[in-house]
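Hi there,

Here is the structure I promised to send over. Have a look at it first, and then read on for what turned up.

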Amino acid sequence: MSLQMITVSNNTALIQPGFSLMNFDGQVFFFGQKGWPKRSCPTGVFHFDVKHNHLKLKPAVFSKDSCYLPPLRYPATCIFRGSLESEKHQYIIHGGKTPNNELSDKIYVMSVVGKNNKKVTFCCTEKDLVGDVPEARYGHSIDVVYSRGRSMGVLFGGRSYMPSAQRITEKWNSVADCLPHVFLVDFEFGCSTSYILPELQDGLSFHVSIARNDTIYILGGHSLANNIRPANLYSIKVDLPLGSPAVNCTVLPGGISVSSAILTQTNSDEFVIVGGYQLENQKRMVCNIVSFVDNKIEIREMETPDWTPDIKHSKIWFGSNMGNGNVFLGIPGDNKQASSEAFYFYMLKCAEDDVNEDQKTLTNSQTSTEDPGDSTPFEDSEEFCFSAEANSFDGDDEFDTYNEDDEEDESETGYWITCCATCDVDINTWVPFYSTELNKPAMIYCSHGDGHWVHAQCMDLAERTLIHLSEGSNKYYCNEHVKIARALQTPKRVLPLKKPPLKSLHKKGSGKIFTPAKKSFLRRLFD
């Protein structure tokens, strides 16, 4: 194992606890920046390019038919393939923390729809669920099992906010363990079913999960109700016949006490557990190898890397698996010096050989919902768990770097544009208008021509309408172009109305003259 320091050339502030890494065909993408999305990347997804110990971030591009994907932090993610033999895959994203400091209960499916030497284009769709829908949560896991030619998602564990009736101002962000139910989710039909297994008595969060064919292994975790980290090792087997699925749980020996660990895959039958916490106020510096031999799991300690003094003495650490046996780590910077960085980053290489492309094992882990500065950094609600995917990281394409200087002057572009003739949004005088705004105006995309952004407030949109449009995929046209859009539609044929002829207001030969008031009255009467 080797440890190397990584230099971030741009957008260092984007990389904070709670992010996720997703790997598409050897290219790693960063998801889940803190706060609202920046102008140059409205969904918070960046290409994560590391070469020669230097990291560059480049905003990703989404197709026009994509739904809005908020910059979720601490979600559960996993790879989904139609079958084990399929090469093309998608990412499933569930839960996590929204920019409004609430927890999400939505499921998003993210896939690649276009790729060239300069950019990768993504498409994101929201999946509606029916049946036993899992509540909003974080610190949980979502995996995919394959049995009898079928596939099914398995969701387990996590924490959620207290029920609305119990949430008071002093304890608004208090959390509790979710019930230890196992949810089977059919991604094709959107059906979700909950299962109660007698072996799972306590709620668990920040555990590590490994999906291997039709079985999921749950390792470690933390129980908030009991404040313990039991040496758990569960095997959850899912059988998918044509009828109802069968779910069975077995308690296995040989588990370890750990929470918020990073899991990376070194070959088709071997994994490495890095980091995590063994006590509430103590990091776990030991690394473990998880290997599968004859469908049996074995966990043993391995030689630890040469941790730097900064890593040894830091109170917290966070990161994610990059694939190919590489782990991306971050620790807080030295706040005693004014010029110090907020975080320092390292890459830990656990294996030198490439991961087998035909491997059929997927891994997953979870993240927490709090920032290290929000409360005591040792609590499990501040622990950081991460996704681990079994893909290589050796993309050779050269990507343009993200221009961070663009963020310093948004007077002519971005949120501070003049979106219409009556636009009065000024960077110097703007104040929040909608409750969902923090420090930037809400914008909406007009589909006329090549499309353009307009301010929701300038378009006189009610907040309810704005939220409705942001959740769906319907086209929207701004006030200037809505008439053009309507003109493109073929109007229905309407027969002209026949009006009676206007009778003479002056009867000839009668000698009678109508006053102007009477003339006006008669016009209104006969018109």
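This is a predicted model: local features need pLDDT of at least 70, side-chain atom pairs count only at pLDDT 80 or more; totals for chains, interfaces and linings use all residues.

**The UniProt site**

His 455 sits in strand S33, which covers residues 452-455. Leaving out residues up to four places away in sequence, His 455 touches Tyr 415, Ile 417, Cys 419, Cys 423, Val 425, Pro 441, Ala 442 and Met 443. Two of those names come up again in the UniProt record, where an unreviewed entry lists Cys 419, Cys 423, His 455 and Cys 458 under "binding site". These four span 40 residues in sequence, yet no two of their C-alpha atoms are more than 8.1 Å apart, so they gather at one spot.

Cys 423 belongs to the loop between strand S31 (361-365) and strand S32 (443-446). Is Cys 423 buried or exposed? With a relative accessibility of 16%, Cys 423 counts as buried, because the cut-off for that is under 20%. Beyond its neighbours within four places in sequence, Cys 423 is in contact with Ile 417, Thr 418, His 455 and Cys 458.

**The nonpolar core**

The largest nonpolar core has 21 residues, and those touching the most other members are Cys 419, Val 454, Cys 458, Met 459, Leu 461 and Tyr 476. S32 gives the largest share of this core, with 3 residues. For Leu 461, the contacts outside four places in sequence are Tyr 434, Ile 444, Ala 456, Leu 469 and Tyr 476.

**Salt bridges**

How many salt bridges does the structure hold? There are 4, and here are some of them.

Arg 148 pairs with Asp 239, with 2.7 Å between the closest N and O atoms. This pair links distant parts of the chain, 91 residues apart: Arg 148 is in the loop between strand S12 (141-147) and strand S13 (150-156), while Asp 239 is in strand S20 (residues 233-239). Arg 148 counts as exposed, at 61% relative accessibility, and Asp 239 is partly exposed, with a relative accessible area of 26%.

A salt bridge also joins the side chains of Asp 177 and Arg 159, at 3.5 Å from N to O. Asp 177 lies in strand S15 (residues 175-177) and Arg 159 in strand S14 (residues 159-161), so the pair ties together parts that are 18 residues apart in sequence. Both Asp 177 and Arg 159 are buried.

Then there is Asp 269 with Arg 212, whose side chains meet at 2.8 Å, N to O. This pair, too, links distant parts of the chain, 57 residues apart, with Asp 269 in the loop between strand S22 (262-267) and strand S23 (270-274) and Arg 212 in strand S18 (residues 208-212). Asp 269 is partly exposed, with a relative accessible area of 31%, whereas Arg 212 counts as buried at 14% relative accessibility.

**A four-stranded sheet**

S22 and S23 bring us to an open sheet of 4 strands, in the order S22-S23-S26-S27 and with antiparallel pairing. Which strands stand at the edges? They are S22 and strand S27 (296-302); each has a single partner strand, so one side of each is left without a neighbour in the sheet. Neighbouring strands here are turned by 25° against each other on average, direction ignored.

Strand S26 (residues 287-293) is joined to S27 by 7 bridges, and the two run antiparallel. Within this pair, Cys 287 stands opposite Met 302 in S27.

**Two more residues to look at**

Ser 20 is in strand S2 (residues 20-24). Ser 20 counts as buried, with a relative accessibility of 3%. Not counting residues up to four places away in sequence, Ser 20 touches Phe 29, Phe 30, Phe 31, Pro 75 and Thr 77.

Tyr 195 is in strand S17 (residues 191-196). Apart from neighbours within four places in sequence, Tyr 195 is in contact with His 181, Val 182, Leu 184, Pro 245 and Val 247. Tyr 195 and Asn 248 are 53 residues apart in sequence, and their C-alpha atoms are 9.7 Å apart in space.

Best wishes

Terms used. Residues are numbered from 1 along each chain as its sequence is written. Side-chain values use heavy atoms; hydrogens and water are left out. Contact means heavy atoms within 4.5 Å. Buried means under 20% relative accessible area, exposed over 50%, partly exposed in between (1.4 Å probe, protein chains only). UniProt positions are given in the numbering used here, feature names are shortened, and annotations may be inferred rather than shown by experiment. Two strands pair if DSSP finds at least two bridges between them. Axes are lines fitted to C-alpha atoms, for helices over the stretch in contact, and angles run from 0 to 180 degrees between N-to-C directions. A nonpolar core is a set of buried Ala, Val, Leu, Ile, Met, Phe, Trp, Tyr and Cys residues joined through side-chain atoms within 4.5 Å.
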